[in-house]
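These are my notebook entries on a single protein chain. I record below what I looked up, entry by entry.

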Amino acid sequence: MRAVVLDAPGPPEALQLRHLPVPQPEPGWVLIDVRAFGLNRSELFTRLGHSPGVEFPRVLGIEAVGVVASAPGGEFREGQQVAAMMGGMGRAFDGGYAEYTCVPATQVIPFESGLDWATIGAVPEMLQTAYGSLTVALDAQPGQTLLIRGGTSSVGQAAALLAKDRGLTVLATTRREERFDVLRRAGVDHPLVDGGEVAEAVWRLVPGGVDLALELVGTDAMRDTLLATRVGGTVCFTGMLSAVWTVPDWYPMDYIPTGVRLTVYSGDAADLPPAVLQSFLDDLERGRLTLPGVRAYPLDEIVEAHRAMEADEAAGKLVVVT
């Protein structure tokens, strides 16, 4: 099989397309004939050497979609459409950047869809992160207001789609005003330009601050996001688009406004019920929902795809089709 191998941290060119043996699954594991996989900033961080504990060489990729080639434990039938994500993919063991990947059965979610593989490949990790953030972490309810910091990211757009479908009023940020249309297509009610501080603009739109906030930019934006949230409201730290991971000289009494709750979301495949994935794919197929922009690459253009991700060229999801 063809697979993308990273021998050591480095630039996009460090990703090498090679021929490797097809993995052989043991009971409890599933061999997937990969048809597409989404690119995630998690893999960018691993490529740059920022993921502790990863041993090289490694096939990256924390998600993949395709069909079951073999499931010796009988958990899935051969030919069944499935998605796989997280659980150590691309870090503890080889992941989805390949024509075949072998993963624990617990990380596999079945579905049925007539959508093209590039579209399907954009969904799993994006949906899992957005859905888990809104449900597990924020407990979003109809009628509430939600601020999405980093709204043009694929997770940001998916969160906006889900939030609007749940009856929330959505505010979302972008660094570029020309991307307001991207946010509006995702259902955002109030697009905002993010120049580093948006709390004042949020308060003008929602006096007292929003009920909920989803932080996808990083810790360099989180303080301002907390200030944009009302007393009794909740901020969920989910993403690090800026690659700023920590808060220098952390002093909680000064950093977190009185009465504002701060939580995090870092979930797993178990947080995405099969029925939720199936419903989302069905809604896309019927045209009830529109997926954030998808840019697809062939496997032999993985270097170009990583360059685009690192340069933040795309407002949406980058996908590789095998």
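**Entry 1. Helix 9**

I began with the buried residues of helix 9, which are Val-276, Leu-277, Gln-278, Phe-280, Leu-281, Asp-283 and Leu-284. I take buried as under 20% relative accessible area, exposed as over 50% and partly exposed as in between, with a 1.4 Å probe and protein chains only. Helices (H or I, at least four residues) and strands (E, at least two) are DSSP runs, numbered from the N terminus.

I note the basis of these values: this is a predicted model, in which local features need pLDDT of at least 70, side-chain atom pairs count only at pLDDT 80 or more, and totals for chains, interfaces and linings use all residues. Residues are numbered from 1 along each chain as its sequence is written, and side-chain values use heavy atoms, with hydrogens and water left out.

I then asked what covers the buried residues of helix 9. The cover includes strand 6 (81-85), strand 8 (108-110), helix 2 (117-121), helix 3 (124-137) and helix 4 (154-165). Contact here means heavy atoms within 4.5 Å.

I checked the length as well: the 13 residues of helix 9 (residues 274-286) should span 18 Å at 1.5 Å a residue, and the end C-alpha atoms are 18 Å apart, which agrees. The expected span is 1.5 Å times one less than the number of residues. Gly-287 follows helix 9 and has a positive phi, near 85°.

**Entry 2. Helix 4**

I next looked at helix 4, where 10 of the 12 residues are buried. They are Ser-154, Val-155, Gly-156, Gln-157, Ala-158, Ala-159, Ala-160, Leu-161, Leu-162 and Ala-163. From first C-alpha to last, helix 4 reaches 17 Å, close to the expected 16 Å. Just after helix 4, Gly-167 has a positive phi of about 90°.

**Entry 3. The second largest pocket**

Which residues line the second largest pocket? I list Tyr-131, Leu-162, Asp-165, Arg-166, Val-276, Ser-279, Phe-280, Asp-283 and Leu-289. Helix 9 gives the largest share of this lining, four residues, and helix 4 and helix 9 each supply at least two. By class, I record five nonpolar, one polar and three charged residues. Ala, Val, Leu, Ile, Met, Phe, Trp, Tyr, Cys and Pro count as nonpolar, Asp, Glu, Lys and Arg as charged, and the others, Gly among them, as polar.

The volume of the second largest pocket is about 160 Å³. A pocket is an open set of points on a 1 Å grid over the protein atoms alone, with protein on both sides within 12 Å along at least five of seven lines; lining residues have an atom within 4 Å of a point. Grid points are joined across faces, edges and corners, and the volume is the space filled by probe spheres set on the points.

**Entry 4. Leu-146**

I located Leu-146 in strand 9 (residues 145-149). Leu-146 is buried, because its relative accessible area is 0%. Neighbours within four places in sequence left aside, the contacts of Leu-146 include Leu-134, Ala-163, Val-170 and Leu-212.

I found Leu-15 in strand 2 (residues 15-19). Leu-15 counts as buried because its relative accessibility is 4%. Leu-15 and Val-5 are 10 residues apart in sequence and 5.7 Å apart in space, C-alpha to C-alpha. Beyond four places in sequence, Leu-15 is in contact with residues including Ile-302, Val-303 and His-306.

**Entry 5. Backbone details**

I noted Asp-312 after helix 10; its phi is positive, near 55°, in a residue other than glycine. Asp-312 is partly exposed, with a relative accessible area of 25%.

Is Asp-249 buried or exposed? Asp-249 counts as exposed, because its relative accessibility is 77%. Its phi is positive, about 50°, although Asp-249 is not a glycine.

I also found a cis peptide bond between Phe-56 and Pro-57, with omega about 5°. Pro-57 lies in the loop between helix 1 (41-47) and strand 4 (58-59).

Definitions and conventions:
On a 1 Å grid over the protein atoms alone, a cavity is a set of points where a 1.4 Å probe fits but cannot get out, and a pocket is an open set with protein on both sides within 12 Å along at least five of seven lines; lining residues have an atom within 4 Å of a point.
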